[in-house]
Amino acid sequence: MNEMGGPAWPWYVAGPIIGLMVPLALLIGHRRWGVSSSLRHLCAIASPVKPPFLRYDWKKESWNLLFVGGAIVGGFVAAHWIPNAPIPDLDPKTVADLKAIGFDTPRGLVPREAFAFSQVLTSRGFLMMVVGGFFVGFGTRYANGCTSGHSITGLALREWPSLVATVAFFAGGLIMTHVVFGWVLR
Amino acid sequence: MRNTAFLLLGVIFGVTLYKAEIISWYRIQEMFRFHSFHMYGVMGSAVATAMISVAVLSLRMPELRSAPRRPFQHGVWIGGLVFGFGWALTGACPGPLWVHIGAGTTAMLIAIASALLGVLVYAYMDHKLPH
């Protein structure tokens, strides 16, 4: 990543683009837009032993894997040809809060003191990458959706279980940030 | 043709998540600490855009009203809380996990591998969990 880079796109540009995924997925293939089921399909493809939850025809859902393949390409294209500024323009209160629990001045997309292959066995790296990843996979399957499938598609279709899910996602994040972080990462 | 369209949709999604710093671990912290409107604006305007466009579409395509529904089960809130813990820890929901790989945060492969393990563990115990 070079030192040049533009400012972040504002929310009123990014939000509507993301929101359009819902009608476009319906129009293109009558699909209910969501990302976390990609993790299930990968397990259904790769797992040598299959409990009933993984016995289904994932090929019918291959659009979902094409979508995440495209998302990886999109991340690559943007990071290489239209990179963001290396120092994110964060609120100084966030920077100060993070410094108090041992994170250096923010740079790039993730704190390098936790998200690096060399950190996987440190308490911080293990907690944030391994435990965090496990919770994302387990939690989204148990909840049957994530921020896309519940909080955007589900809310747009006015399904009340998705509102319950959204409140729970946020409550979980608040508990982790305000209770566990200050307590574990000190 | 349809496949290409979904691939292209993914590319647009990936570029947007990177450019608006939605995949930034720091932005998620800023959101959970209520220090910035950015992520709330993203989510709010995404839901509003989706809701309005689905309402407009369903005037022309009444079959959309019969789109598959997601019923309530207790996993919605129990699993939802678990996902919320993971969201704050990794600073990423499943979409951003994938975009990170393209954007060069290759260590997120560890989080993805762990997420796949989480799905596998869920697959083995789903009949024992309250639903």
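1. Helices here are DSSP runs of at least four residues and strands are runs of at least two, numbered from the N terminus. On that basis chain B has 6 helices and 0 strands. Read from the N terminus, its elements go α-α-α-α-α-α. The model is predicted.

2. Overall form of chain B. The C-alpha trace spans about 45 × 40 × 35 Å along its principal axes. Of its 131 residues, 58% count as buried. Among contacts in chain B with a separation of 6 or more, 53% join residues 24 or more positions apart.

3. The interface between the chains. Here 97 residues of chain B are in contact with 105 residues of chain A. On the chain B side, the elements giving two or more residues are helices H1 (2–19), H2 (25–32), H3 (38–60), H4 (75–90), H5 (94–103) and H6 (108–125). By class, that side of chain B has 61 nonpolar, 28 polar and 8 charged residues.

4. Domains of chain A. Chain A is divided into domain 1 (1–86) and domain 2 (90–186). Their centres, taken over C-alpha atoms, are 18 Å apart. The contact between them takes 11 residues from domain 1 of chain A and 12 residues from domain 2 of chain A. On the domain 1 side, helix H1 (11–19) and helix H3 (37–46) of chain A each supply at least two residues. That side of domain 1 has 6 nonpolar, 3 polar and 2 charged residues.

5. The nonpolar core. The largest one has 95 residues, and A:Val22 and B:Val42 have the most contacts inside it. Domain 1 (1–86) and domain 2 (90–186) of chain A each give this core at least three residues. In soluble globular proteins, nonpolar side chains tend to be buried together.

6. What does A:Val22 contact, leaving aside neighbours within four places in sequence? In chain A, the partners of A:Val22 are A:Trp33, A:Ile152, A:Thr153 and A:Ala156. In chain B, they are B:Ala50, B:Ser53 and B:Val54.

7. Helix H6 of chain B. Its 18 residues should span 26 Å at 1.5 Å a residue, and the end C-alpha atoms are 26 Å apart, so the two values agree. Buried residues in H6(B) include B:Ile110, B:Ala111, B:Ser114, B:Ala115, B:Gly118, B:Val119 and B:Tyr122. An α-helix has 3.6 residues a turn, so residues three or four places apart point the same way. The buried residues of H6(B) pack against H3 and H6 of chain A, together with H4 and H5 of chain B.

8. Helix H6 of chain A. This helix (residues 123–143) bends by about 25 degrees at A:Gly132. H6(A) is mostly covered, with 15 of its 21 residues buried. A:Asn144 follows H6(A) and has a positive phi, near 60 degrees.

9. Is A:Ala171 buried or partly exposed? A:Ala171 lies in helix H8 (residues 160–184) of chain A. A:Ala171 counts as partly exposed because it has 15 C-beta neighbours inside 10 Å, while a buried residue needs 20 or more. Not counting residues up to four places away in sequence, A:Ala171 touches B:Leu81 and B:Gly84.

How values were computed
Residues are numbered from 1 along each chain as its sequence is written. Chains are lettered from A and ligands numbered from 1 in the order in which they are written. This is a predicted model: local features need pLDDT of at least 70, side-chain atom pairs count only at pLDDT 80 or more; totals for chains, interfaces and linings use all residues. Two residues are in contact if their C-beta atoms, placed from the backbone, lie within 7 Å. Ala, Val, Leu, Ile, Met, Phe, Trp, Tyr, Cys and Pro count as nonpolar, Asp, Glu, Lys and Arg as charged, and the others, Gly among them, as polar. Domain bounds come from an automatic or database domain assignment. A residue is buried if 20 or more other C-beta atoms lie within 10 Å of its own, exposed if 12 or fewer, and partly exposed in between; C-beta atoms are placed from the backbone. The bend at a residue is the angle between axes fitted to the seven residues ending there and the seven starting there. A nonpolar core is a set of buried Ala, Val, Leu, Ile, Met, Phe, Trp, Tyr and Cys residues joined through C-beta atoms within 7 Å. The expected span of a helix is 1.5 Å times one less than its number of residues.
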